[in-house]
Amino acid sequence: MCRLTAYTGPPLAADALVFGGTHSLLLQSYVPQELLYGHVNADGYGVVWYHDGKPVRTGSSRPIWQDNDLPALLESVSSSTILATVRNATPGIPVDGGNQPLVHMRWSFVLNGFVENFRASHMRGLRSHLPDDLYGHLAGSSDSETLFLLAVAAIENGAPLLDALENVRDIVLEAVLAENHTAQLAMVLTDGHGIGVLLTSSETTTNSLYLARGHPMAPNGALLASERLDTHSSWEAVTPHTGIELATS
């Protein structure tokens, strides 16, 4: 499982998404309060922002607190769309510097969750839904990369952001339920002009996710976070098994 933050709206300094608030993403890396599985998010981090319409990514497989240069880097970056994650790796999924947020062309993606027994039971079947060109872009063996490219495939077939994520949900749930497996699917997808969010799972319980509009950190934009970044009243829990779309402006 992971912790994530996301932003869309007028340009915002990227350090706010990682270091802002009394319960910042940095703090959530080692003192998370609402993880369904695991205890600490020490298996790497990633931040994506958009520059001239293209995603730019920085990240590492090291714990985020070990990167002393990150605050200065993110303080110098301003963007209208930003995604950030800290990772608690799913057992059996490799930890490497190429992890989330994932980027392909103009698209960026975060999965907070997992597909149970992915590599042994579901990797081959789920990847069979990918067209040849996207299959050729697979660089690893993670569930998150597979779900991301399934969403991109749906978009290339004309689906809007949220419809693309719902298509991924349908494919994944059909596969896991047939094997009595579990999937937790808090998915965030963006092209830099808007963010699609789908919070769902194969069970009644989902990962935690909160949305804030009119927050002092970003008064004219929208913030997403796995755990509220502070106690401000603008934070509202995203209803489980629902999707939302957020526009940049």
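# Close-up views of a predicted model

**Asp67 is buried, with a relative accessible area of 15%, and meets Arg62 in a salt bridge.** Before going further: what you are looking at is a predicted model. In this close-up the side chains of Asp67 and Arg62 come to 4.0 Å, taken from N to O.

**Glu145 and Arg127 form a salt bridge between two helices.** Here the N to O distance is 3.9 Å.

**Glu227 and Arg3 make a salt bridge between distant parts of the chain.** Their closest N and O atoms are 2.9 Å apart. Glu227 lies in the loop between β10 (218-225) and β11, whereas Arg3 is in strand β1 (residues 2-13), and 224 residues separate them. Both Glu227 and Arg3 are buried. With a side-chain nitrogen of Lys or Arg required within 4 Å of a carboxyl oxygen of Asp or Glu, the count for the structure comes to four salt bridges.

**Five strands line up in an open antiparallel sheet.** Follow the order β5-β6-β7-β8-β12 across the view. Which strands stand at the edges? They are β5 (102-104) and β12 (242-247); each has a single partner strand, so one side of each has no neighbour in the sheet. Going from one strand to the next, the twist averages 15°.

**Strand β6 is largely enclosed, since nine of its nine residues are buried.** On one side, β6 runs antiparallel to β5, and three bridges join the two. Look for Leu102, whose bridge partner in β6 is Phe109. The hairpin of β5 and β6 has two residues between the strands, and Met105 there takes a positive phi near 55°. With β7, β6 is joined by eight bridges, again antiparallel. Val115 stands opposite Ala183 of β7 in this part of the sheet.

**β7 also pairs with β8, over seven bridges.** The pairing between β7 and strand β8 (residues 194-201) is antiparallel. To get your bearings, find Leu185 and then its bridge partner in β8, Thr200.

**Asn117 and Asn180 both have positive phi without being glycine.** For Asn117, phi is about 55°. Asn117 is in the loop between β6 (107-115) and α4 (118-127), and it is partly exposed, with 39% relative accessible area. Phi of Asn180 is near 60°. Where does Asn180 lie? Look in the loop between α7 (161-178) and β7 (183-190). At 71% relative accessibility, Asn180 counts as exposed.

**Tyr30, Val31, Val40 and Trp65 form a nonpolar patch on the surface.** Together, these four residues have about 340 Å² of accessible area. One of them, Val31, is in the loop between α2 (25-30) and β2 (45-51). Val31 is partly exposed, at 41% relative accessible area.

**Ser78 and Ala14 come together from 64 residues apart in sequence.** In space, their C-alpha atoms are 5.8 Å apart. Ser78 has its place in strand β4 (residues 78-87). With a relative accessible area of 46%, Ser78 is partly exposed.

**Confidence in the prediction averages a pLDDT of 93 over the protein.** A score of at least 70 is reached by 95% of the residues. Which element has the lowest mean pLDDT, and which the highest? The lowest is α2, at 92, and the highest is strand β11 (residues 235-237), at 98.

Terms used:
Residues are numbered from 1 along each chain as its sequence is written. This is a predicted model: local features need pLDDT of at least 70, side-chain atom pairs count only at pLDDT 80 or more; totals for chains, interfaces and linings use all residues. Side-chain values use heavy atoms; hydrogens and water are left out. Helices (H or I, at least four residues) and strands (E, at least two) are DSSP runs, numbered from the N terminus. Buried means under 20% relative accessible area, exposed over 50%, partly exposed in between (1.4 Å probe, protein chains only). Patches are made of residues with over 30% relative accessible area and no salt bridge: like charges are joined within 9 Å, nonpolar side chains (Val, Leu, Ile, Met, Phe, Trp, Tyr) within 5 Å. Accessible areas come from the Shrake-Rupley method with a 1.4 Å probe; for residues, only the protein chains shown count as cover. pLDDT is the predictor's confidence in each residue, from 0 to 100. Two strands pair if DSSP finds at least two bridges between them. Axes are lines fitted to C-alpha atoms, for helices over the stretch in contact, and angles run from 0 to 180 degrees between N-to-C directions.
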